[in-house]
Amino acid sequence: ISYKDIAPWYDYVESYIGDVFWILGDSDENIDSISEIDLIDTHWVTPLCCDTDAIEIDWESYRQDLKNYIATIHNFGKKFSCHTFPGFQEEKLLRSDPPRTLIRDAGYTLKHQLEIAREENVDYIIISSFNDWCENTNIEAGWDFEDYDGDPYQYLKIVADFTGTEFIAPPLPPKVYVDELL
């Protein structure tokens, strides 16, 4: 269903339950014509995704594209949410050819996306994963993931630091009792 086709339902739903904060996902439709939408939510990772041979991210292009996108969304009077990822790898999922990859870079990719989102005044920041090990977007505590540096809490500490929260590590079971793939 297109967003224009669903537009008549906005008033209907709100007549029964009251005001709703409507969120529109990734769309190429004319968002300026959909007055009911409050926030545009996008998986803003496209400029970061590379082919499997890529080793660097063009952070300045990412920042500029993000700025342009935020300005466009704000000009329509909407809020903008930005998805961030610690890394990404579609190789195991066989979704695209070639599989898209976002290098983890020992936590730098997540740190830098969060910093840029804050600097560019993104309205909402979404970390698009917790334990998605198949796509390699996990931030959950674990052993032996890509760019593992010996700290099973590495990515949780990055998030805590970004939010200004003290990180208190919960105890982990002995490694011999945990799935060897984690």
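How many residues does helix H3 have, and how far does the helix reach from its first C-alpha to its last? Select residues 108-119 to find out: H3 has 12 residues and reaches 16 Å, close to the 16 Å expected at 1.5 Å a residue. That expected span is 1.5 Å times one less than the number of residues in the helix.

**Before you go on**

What you have open is a predicted model, in which local features need pLDDT of at least 70 and side-chain atom pairs count only at pLDDT 80 or more, while totals for chains, interfaces and linings use all residues. Residues are numbered from 1 along each chain as its sequence is written, and side-chain values use heavy atoms, with hydrogens and water left out.

**The whole chain**

Zoom out and colour by secondary structure. Helices (H or I, at least four residues) and strands (E, at least two) are DSSP runs, numbered from the N terminus. Of the 182 residues, 38% count as buried, meaning under 20% relative accessible area, with exposed over 50% and partly exposed in between (1.4 Å probe, protein chains only).

**Back to H3**

Now show the side chains of Thr109, Leu110, His112, Gln113, Leu114, Ile116 and Ala117, the buried residues of H3. What covers them? Among the elements that do so are helix H2 (59-75), strand E3 (79-84), strand E5 (101-102), strand E6 (124-127) and helix H4 (154-163). Step just past the end of H3 to Asn121, which takes a positive phi of about 60°.

Next, select Tyr62, Leu66, Phe80, Cys82 and Val122. These have the most contacts inside the largest nonpolar core, a group of 15 residues. A nonpolar core is a set of buried Ala, Val, Leu, Ile, Met, Phe, Trp, Tyr and Cys residues joined through side-chain atoms within 4.5 Å. H2, E3 and H3 are the elements that give two or more residues to this core, and H2 gives the most, with 5 residues. For a second, separate core, of 10 residues, pick out Ile139, Ala141, Tyr153 and Tyr155, which are included in that core.

**Last stop: a loop**

Finally, select Glu135, in the loop between E6 and H4. Is Glu135 buried or exposed? Glu135 counts as buried because its relative accessibility is 10%.

Terms used: Contact = heavy atoms within 4.5 Å.
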